[in-house]
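I opened a new notebook page for this model.

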Amino acid sequence: MTAEERLIKKILSAGSAGAKKADLRKELGEIDATLEALVSKGEVFVDKRGSAYYCFHKSHYVQSLLNTDPRFKLTYDMIKSLDETVSSSSKEVARAIETLAGNISNLARLVTERGTATAQASAAPTRAVSVSDFKAAFDAALANSASSIGWVELAKIKSDVCAKCGLSGDEFYRLVGELTGQYQDKYELSTGGGEGVMVRGLLHGFVRCI
């Protein structure tokens with residue numbers, strides 16, 4: 001073990017209390033040159049405490065200052081609190097941006113689908129479907145769903161209902177909005193899914209019977 005390694009080991013073992021320089025010199029002999037090299041590397045810090053000099057390993061120096069210097073502790077706590085506040089705010093902003101980006105993407109897709117459905121509707125005759133007729137087909141699709149006892153993704157039953165009622169995807173979601181709004185005591189919508197009904201700016205892609 002080199003002289004530098006022995007000195008580091010001794011200082012490290014002293015922890016946040018620090019190793020007295022005079023005691024290190026008594027035990028290890030001449031240490032000034034080695035100690036100076038370690039200080040220049042940032043491995044060791046030397047502080048004068050009272051009339052003596054103490055050596056601290058870099059992993060214990062901050063804790064030593066927290067234990068002995070009230071002003072340093074106050075400054076450290078203030079910086080730590082500020083850092084935690086900024087970190088928390090950054091996470092909230094990131095979540096808000098992610099949600100907003102998702103809603104914008106979903107809205108753009110729905111607008112595109114609406115435009116496609118409108119163009120198709122202008123080229124072919126449309127079939128008027130009442131809410132009551134739609135409700136019958138919708139309830140049947142929910143009942144046939146493997147997860148009908150809980151939440152069902154609207155996209156999974158769309159094709160079945162559209163085939164029975166002769167609807168486009170856009171018409172399907174429009175009628176889902178009317179149906180769930182008219183029978184709020186029977187159906188409940190939930191956010192999520194790749195497509196669905198926009199309610200208060202959020203995409204709701206799951207439904208269940210109450």
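The entries below record what I looked up.

**Ground rules.** I am working with a predicted model, where local features need pLDDT of at least 70, side-chain atom pairs count only at pLDDT 80 or more, and totals for chains, interfaces and linings use all residues. Residues are numbered from 1 along each chain as its sequence is written, and side-chain values use heavy atoms, with hydrogens and water left out.

**Entry 1: the cores.** I looked for nonpolar cores, meaning sets of buried Ala, Val, Leu, Ile, Met, Phe, Trp, Tyr and Cys residues joined through side-chain atoms within 4.5 Å. For burial I used relative accessible area: buried is under 20%, exposed is over 50%, and partly exposed is in between (1.4 Å probe, protein chains only). The largest core has 23 residues. Phe134, Phe138, Leu154, Ile157 and Phe172 have the most contacts inside it. At least two residues of this core come from each of α6 (131–144), α7 (154–165), α8 (169–182) and β5 (187–191). I note that helices (H or I, at least four residues) and strands (E, at least two) are DSSP runs, numbered from the N terminus. The most, 6 residues, comes from α6.

I then picked out Ile157. Which residues does Ile157 touch, leaving aside its neighbours within four places in sequence? I found Phe138, Ala141, Leu142, Val152 and Phe172 in contact with Ile157 (contact means heavy atoms within 4.5 Å). Another core, of 10 residues, lies apart from the largest one, and Leu7, Ile8, Ile11 and Cys55 are among its members.

**Entry 2: salt bridges.** Side chains of opposite charge can pair when their charged atoms come close. I counted a salt bridge where a side-chain nitrogen of Lys or Arg is within 4 Å of a carboxyl oxygen of Asp or Glu. The structure holds 12 of them.

I looked at Lys58 and Glu43, whose closest N and O atoms are 3.3 Å apart. Lys58 is in helix α4 (residues 58–68), and Glu43 is in the loop between α3 (32–41) and β2 (44–49), 15 residues apart. Lys58 is partly exposed at 44%, and Glu43 is partly exposed at 24%.

Asp160 and Lys164 also form a salt bridge, at 3.9 Å. The two are 4 residues apart in helix α7, so about one helical turn separates them.

Arg208 and Glu188 come to 2.9 Å.

**Entry 3: Glu195.** Is Glu195 buried or exposed? Glu195 is buried, with a relative accessible area of 16%. I located Glu195 in the loop between β5 and β6 (197–199). Next I checked its polar contacts (pairs of N or O atoms within 3.5 Å; within protein, one must be able to donate a hydrogen and the other to accept it, and residues adjacent in sequence count only if both atoms are side-chain atoms). The side chain of Glu195 reaches the side chain of Lys158 at 2.8 Å and the side chain of Tyr173 at 2.5 Å.

**Entry 4: strands.** I took two strands as paired if DSSP finds at least two bridges between them. Strands β1 (residues 19–20) and β3 (residues 52–57) are antiparallel over 2 bridges. Strands β2 and β3 are also antiparallel, joined by 6 bridges. Tyr54 in β3 stands opposite Lys20 and opposite Asp47. The hairpin of β2 and β3 has 2 residues between the strands, and Gly50 takes a positive phi near 70° there.
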